[in-house]
Amino acid sequence: MTKQAQPTKPADFLHTLIDTDTINRQARLSGFVQRVRQLQPLLFVIHVIFSMPIAKISIDGLRDSFIARTGIRLNRTSWRARFNEPLYKLLVWLLARLGRRAHQRRGQLHFKGPLKRFKDIVLVDSTFIQVHDGLAKVFKGTRKAKAAIKVHTQIRALTGELLSYYLTAGSAADCKSFGVGQKDKGCLFIFDKGYQSSSLWARVTRVGGSFITRLPASYRPIITRVNRTHRGRARGLRGKMLREELKRLQRQVLDVQCSFRVHIRGYGGKRGRYEEVEFRVVGLWNVEEDKYHLYVTNLPAKSFDAVLVGQGYRLRWEVELFYRLGKSGLGLSQLKHYRHAVRVKILALCALIRASVAMQACCEGRVSNRHVRLNMERWGRVWREQMSRWALAVLGLGLHWACTWETLTYLARDPNPQRKPLAEQFLESFQGLGSSVRDVLRP
């Protein structure tokens with residue numbers, strides 16, 4: 001297999017991601033193999049990741065299917081010994097490679113209107129996965145489960161691509177597992193409620209990023225300025241507590257600046273301190289629930305109307321597509337019956353790699369066939385089937401995998417093309433009617 005600069009077919013795309021020479025070289029560097037004998041590292045990786053049945057299966061079951069597909073016989077002890085720390089390091093490297101490729105797509109994103117100021121729109125969320133109770137000392141759980149792992153992810157909002165991830169115990173706090181750096185300058189982050197921390201919001205602001213999240217019920221900020229004026233005898237809000245004034249307001253939209261207490265960590269032997277930092281708070285009246293939905297952001301009021309802030313936060317639900325694909329179709333939830341911590345992490349990474357490859361392939365399909373609107377659930381089923389066929393071809397079973405992007409996108413087309421996905425509703429709100437994900441992705 002040779003590396004292709006511009007993959008024009010699904011096979012070229014997969015060969016670009018999974019290159020024989022690169023995998024073999026990294027397998028030696030990670031210590032997974034010292035020298036290639038009977039078992040090629042590529043064959044093992046392809047089988048474990050891409051041809052693994054999604055239903056509940058044991059490590060020995062994987063060995064049996066590998067022997068049946070390749071004819072290479074490995075005894076039970078030798079097979080089990082390969083699910084070790086070096087294999088975990090190899091998969092970490094492969095997933096990082098996929099993440100770098102996803103980051104490189106930022107140069108192909110083309111936003112218009114108010115979104116033009118952003119180089120990317122990122123969803124930050126985590127998912128809770130129960131594991132065997134015997135792993136409670138390694139993966140401490142919560143009241144939901146005695147033992148669990150938590151997968152923290154950063155997902156590109158409009159394409160579903162995995163940008164970065166972090167594995168922790170189920171009891172780990174979400175906001176402490178999110179790192180912010182200069183690479184995040186110019187990005188818009190949409191945070192789940194687990195990342196409701198004024199200190200985190202301040203860090204994002206300091207590096208030049210933007211964010212939208214819900215205001216936690218425990219936060220009681222003081223109003224410092226009103227961004228949206230109202231005619232008539234409107235109540236004066238400056239200097240008053242937000243939560244107390246909400247009970248008396250009758251306006252449909254609230255747009256104010258509020259003061260938040262932010263903890264600044266100490267560096268170089270200096271003690272930490274607290275500062276007062278202003279963030280914008282938007283309240284939108286929800287008729288069904290008979291209360292305000294409150295959002296916190298640092299987006300400027302002049303460019304982003306209060307209603308647009310609420311519509312922007314709705315895009316957070318797109319992250320559920322990635323988790324649904326990873327859990328229901330690609331094995332992310334099938335970890336409970338494994339009793340070894342390393343194997344749990346290996347199989348979790350395998351599921352993330354499957355989901356990451358599936359979403360990057362979806363981007364390639366959208367660029368190649370721009371006239372078809374895809375249904376993501378259909379895409380997950382179609383890609384899962386085709387990925388298994390490609391794996392069988394690579395494993396040397398004499399099969400020819402000649403699928404095209406046109407065929408894949410046709411099979412995964414939306415049965416109701418008049419129904420607009422949430423991502424397209426978001427783009428139309430910010431960029432005008434007719435905007436779509438296909439327009440954002442430059443060919």
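1. Which residues does Pro300 touch, not counting residues up to four places away in sequence? In this predicted model, Pro300 makes contact with Arg117 and Arg280. Pro300 itself lies in the loop that joins β9 (291–297) to α9 (306–314).

2. Pro300 and Ser210 are separated by 90 residues in sequence, and their C-alpha atoms lie 9.7 Å apart in space.

3. Ser210 belongs to strand β5 (residues 210–214). Four of the five residues of β5 are buried, so the strand is largely enclosed by the rest of the structure.

4. On one count, β5 pairs with strand β4 (residues 187–191) in the parallel sense, over three bridges. Ser210 is the bridge partner of Leu188 in this pairing.

5. Within β9, Thr297 is the bridge partner of Ile212.

6. Helix α14 (residues 422–431) is mostly covered, with eight of its ten residues buried. Among them are Leu422, Phe426, Leu427 and Phe430, together with Glu424 and Glu428. The elements that cover the buried residues of α14 include β1 (120–130), α9 and α15 (437–440). Gly432 follows the helix and has a positive phi, near 105°.

Key: Residues numbered from 1 in each chain as written. Predicted model: local features only at pLDDT ≥ 70, side-chain atom pairs only at ≥ 80, totals over all residues. Heavy atoms only, no water. Helix = DSSP H or I, 4+ residues; strand = E, 2+ residues; numbered from the N terminus. Contact = heavy atoms within 4.5 Å. Buried < 20%, exposed > 50% of the residue type's maximum accessible area, 1.4 Å probe, protein only. Pairing = 2+ DSSP bridges.
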